[in-house]
Each structure stands twice: as C-alpha cells, then as structure tokens.
Amino acid sequence: MIGRSFFLLSLLQAVVSGQWSADIPLDVTAQNGLCARIPCHYSYPWNLNNEPRTGIWFNSDMQNNKSSVAFHSGNPSRESTKFQHRTRLSGVLRDNDCSLVIDNVTQQDAGRYYFRVDFGGGNSYSYHLITQLRVTDFTDKPMIFPAEMVAGQPVNVTCIFNTTCNGTAPTLTWDTPADEPPSASHSVTQQGDTQTYTSVLYLTPAPKHHGQNLTCRVTYPTVSSEQIL
C-alpha cells in the first residue's frame with residue numbers, strides 16, 4: 001500500500017512540475033521542391049519557464065553515425081551548409097512550439113530528425129523522438145477554370161494553385177497562341193494554412209485559335225508543373 005501511494009505521489013508530482021517530453025510525428029512526407037514541416041511541441045520542468053532558450057534541430061546520418069545541425073535558433077552559422085537559409089521555426093519557441101520548416105526541400109533532405117532545447121547552465125535535453133522525413137516527386141498541379149469562348153469577345157480564364165508552404169512563393173505563367181501575347185493579373189489569398197495563388201488571363205479569341213491550347217504553369221526554383229486547357 002505504501003509503495004502504491006508513493007507511485008501515485010510521484011506521478012502527481014511529474015504532472016504538476018512538468019517533465020521533458022515532446023509531441024512529434026514519426027513520419028512526415030513532403031514533395032520535392034516544396035516545403036517540409038515537422039510539427040513539434042515540447043515541455044520541460046516548470047522551473048525553467050522564464051529562462052532563455054535555444055532550439056536546435058539535428059539531421060541524423062545513420063550511415064556515418066553522426067548528426068548535422070539543420071536549424072539553430074541562437075547561431076545560424078552553426079547550421080550545416082546544405083540547410084543554411086532554408087530552415088526556420090513556424091511557431092514561437094517560448095510558446096513551446098518547436099515545429100520545423102525546411103524550404104525548397106530536396107531528396108538529400110530525406111532522413112531522420114530530432115529536436116534539442118538548451119536553457120544554459122547544463123539544463124538541456126535532446127528529445128530522441130525521431131521523425132523520418134520522406135521526400136516524394138512533385139505532383140501538385142495548378143487548376144484552370146474553363147470559360148465560354150466566343151470569337152471576338154474578350155474572356156477571362158482563371159488558374160489557381162493551392163499550397164500550405166509560405167516560404168518560397170511559386171509563380172504562375174501562361175502559354176498562349178503565338179499571336180496572342182499573355183496579359184494576366186496575379187493575386188494571393190490565405191485561408192487558414194492554405195495560400196491560394198491566382199492568375200487571371202485576359203484574351204480575345206479568334207477563329208484561327210480554335211483547337212489551340214492554353215497552358216498554366218506553376219514554377220518553383222527547382223520544380224514546375226502545368227495544366228493544359
């Protein structure tokens with residue numbers, strides 16, 4: 001009975017005082033050329049609440065049995081060359097949000113990631129909940145909304161592309177008949193985590209354009225895709 005009471009008391013103290021723990025997924029999949037986001041929320045002993053902290057993400061290379069720094073909130077120069085200027089936190093570290101974003105993700109970024117927090121004075125902890133990042137081919141395509149076309153009548157054709165990546169912005173461009181140079185307006189809206197890029201093409205079709213294609217293309221620094229009308 002005494003042993004059970006001691007166990008319950010210890011459990012209650014752990015809940016009240018707070019312990020080192022994190023909520024991190026085991027697997028994350030991202031498309032090549034877009035962004036990868038690893039959701040992360042962490043906790044720590046309550047007595048460190050008001051202490052300054054540094055967040056560090058590591059990319060583990062199991063073949064070489066070593067880790068490289070993917071993100072360092074205190075000293076970005078310590079980040080591995082391949083990650084510099086491409087990684088950031090999507091939340092606020094002091095709010096216990098350690099979610100990592102990797103922009104312009106490539107196949108070379110695939111692998112194992114883990115988070116470490118350092119409060120200084122020997123108060124640091126590596127959360128060895130490993131996230132496996134998998135990178136697949138870029139398959140997202142823009143969408144074209146068809147419009148009724150009548151020869152000699154101006155018409156607007158709309159193309160949109162949705163993404164949850166808010167780092168590197170894509171560009172939307174049009175391929176039109178050679179004698180109909182593209183004239184388009186562009187806008188960006190956001191709802192929740194989704195950003196919608198919109199391009200509206202203005203053109204006046206002629207009989208000679210019958211059967212010719214209109215193409216909307218979305219382009220990132222390293223990948224692109226298109227939709228044909």
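## Cys 40 and Cys 98

The link of Cys 40 and Cys 98 is left-handed, with -70° about the S-S bond. The two cysteines sit in distant parts of the chain, 58 residues apart. Cys 40 is in the loop between β3 and β4 (41-43), and Cys 98 is in the loop between β7 and β8. Their S to S distance is 1.7 Å. A disulfide here is a pair of cysteine sulfur atoms within 2.5 Å. Both Cys 40 and Cys 98 are buried, meaning under 20% relative accessible area (1.4 Å probe, protein chains only).

## Basis

This is a predicted model: local features need pLDDT of at least 70, side-chain atom pairs count only at pLDDT 80 or more, and totals for chains, interfaces and linings use all residues. Residues are numbered from 1 along each chain as its sequence is written, and side-chain values use heavy atoms, without hydrogens or water.

## The other disulfides

The count is three disulfides. Cys 35 and Cys 165 are joined at 2.0 Å, S to S. This link is left-handed too, at -95°. Cys 35 is buried at 14%, and Cys 165 at 7%.

Cys 159 is bonded to Cys 216. Cys 159 lies in β12 and Cys 216 in β16 (residues 215-219), so the pair ties together parts 57 residues apart in sequence.

## The sheet

Strands (DSSP runs of E, at least two residues, numbered from the N terminus) pair if DSSP finds at least two bridges between them. Three form an open antiparallel sheet, ordered β3-β8-β7. β3 (36-38) and β7 (87-89) each have a single partner strand, so one side of each lacks a neighbour in the sheet.

Technical notes: Helix = DSSP H or I, 4+ residues; strand = E, 2+ residues; numbered from the N terminus. Buried < 20%, exposed > 50% of the residue type's maximum accessible area, 1.4 Å probe, protein only.
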